[in-house]
Amino acid sequence: ACEQLANEGWPVHVRDSGGTAVPHGAGILNLSLMLPRTTTDLAHYYRLLGDPLLTLLGEYGLEGNYDFVPGSFCDGQYNLVIGGRKVTGTAQRWLAPGQDHGGAVLAQAMLLVAGDVDEGTRIASRFYELAGGELRF
């Protein structure tokens with residue numbers, strides 16, 4: 001699957017924050033925050049990442065919220081959604097305490113700013129098809 005998609009101009013990279021396949025390319029903005037772990041509340045970190053984005057959308061007259069979007073790639077409770085459509089996917093990875101820190105959280109968002117969302121969704125589904133998986137978006 002990785003080789004075939006690379007040949008089609010969609011190289012595959014693995015991200016440490018988990019989730020399902022997500023298209024990245026022109027028109028997609030990636031935002032990553034590395035935060036000290038201060039709570040075990042997953043929602044806390046998703047809100048730290050998403051609330052400023054929701055505020056920014058509101059400044060442009062776009063009312064957004066957090067919600068699942070069944071059928072979307074990497075669906076989750078903390079998708080940022082406008083009018084029932086997913087515009088941002090989010091993910092987290094928690095890092096255990098180390099010698100120089102008490103634990104950290106990598107919180108990530110990918111924002112669908114422009115570009116062909118349908119094509120990206122098709123490619124995410126194609127990855128699973130080529131890999132022999134059953135997921136389709």
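Both faces of strand 5 are covered in this predicted model: Ala 104, Leu 106, Gln 108, Met 110 and Leu 112 are buried on one side, and Val 105, Ala 107, Ala 109 and Leu 111 are buried on the other. Buried denotes under 20% relative accessible area, exposed over 50%, and partly exposed the range in between (1.4 Å probe, protein chains only). Strands (E, at least two residues) and helices (H or I, at least four) are DSSP runs numbered from the N terminus. In a regular strand the side chains alternate between the two faces of the sheet. Because nine of the nine residues of strand 5 (residues 104–112) are buried, the strand is largely enclosed by the rest of the structure. The model is predicted, with pLDDT of at least 70 required for local features and 80 or more for side-chain atom pairs, whereas totals for chains, interfaces and linings use all residues. Residues are numbered from 1 along each chain as its sequence is written, and side-chain values use heavy atoms, with hydrogens and water left out.

Strand 1 (residues 28–36) is antiparallel to strand 5 and is joined to it by nine bridges, with Pro 36 opposite Ala 104. Strand 4 (residues 85–95) also runs antiparallel to strand 5, through eight bridges, and Thr 88 has Leu 111 as its bridge partner. Between strand 2 and strand 3 (residues 79–82) there are four bridges in the antiparallel sense, and Asn 65 is partnered by Val 81 of strand 3.

The largest nonpolar core has 12 residues, including Leu 5, Ile 28, Phe 73, Met 110, Leu 112 and Phe 127. Such a core is a set of buried Ala, Val, Leu, Ile, Met, Phe, Trp, Tyr and Cys residues joined through side-chain atoms within 4.5 Å. Strand 5 and helix 3 (117–131) are the elements that give two or more residues to this core, and helix 3 gives the most, with four. Apart from this core lies another, of nine residues, among them Leu 49, Leu 53, Leu 57 and Leu 111. Beyond four places away in sequence, Leu 112 touches Gly 27, Ile 28, Phe 73, Lys 86, Val 87 and Val 117. Val 117 lies in helix 3 and is partly exposed, at a relative accessible area of 28%.

Asn 79, in strand 3, counts as buried at 1% relative accessibility. The side chains of Asn 79 and Lys 86 are joined by a polar contact of 3.4 Å. A polar contact is a pair of N or O atoms within 3.5 Å; within protein, one must be able to donate a hydrogen and the other to accept it, and residues adjacent in sequence count only if both atoms are side-chain atoms. Excluding residues up to four places away in sequence, the residues touched by Asn 79 include Asn 65, Tyr 66, Cys 74 and Thr 88.

How values were computed:
Pairing = 2+ DSSP bridges. Contact = heavy atoms within 4.5 Å.
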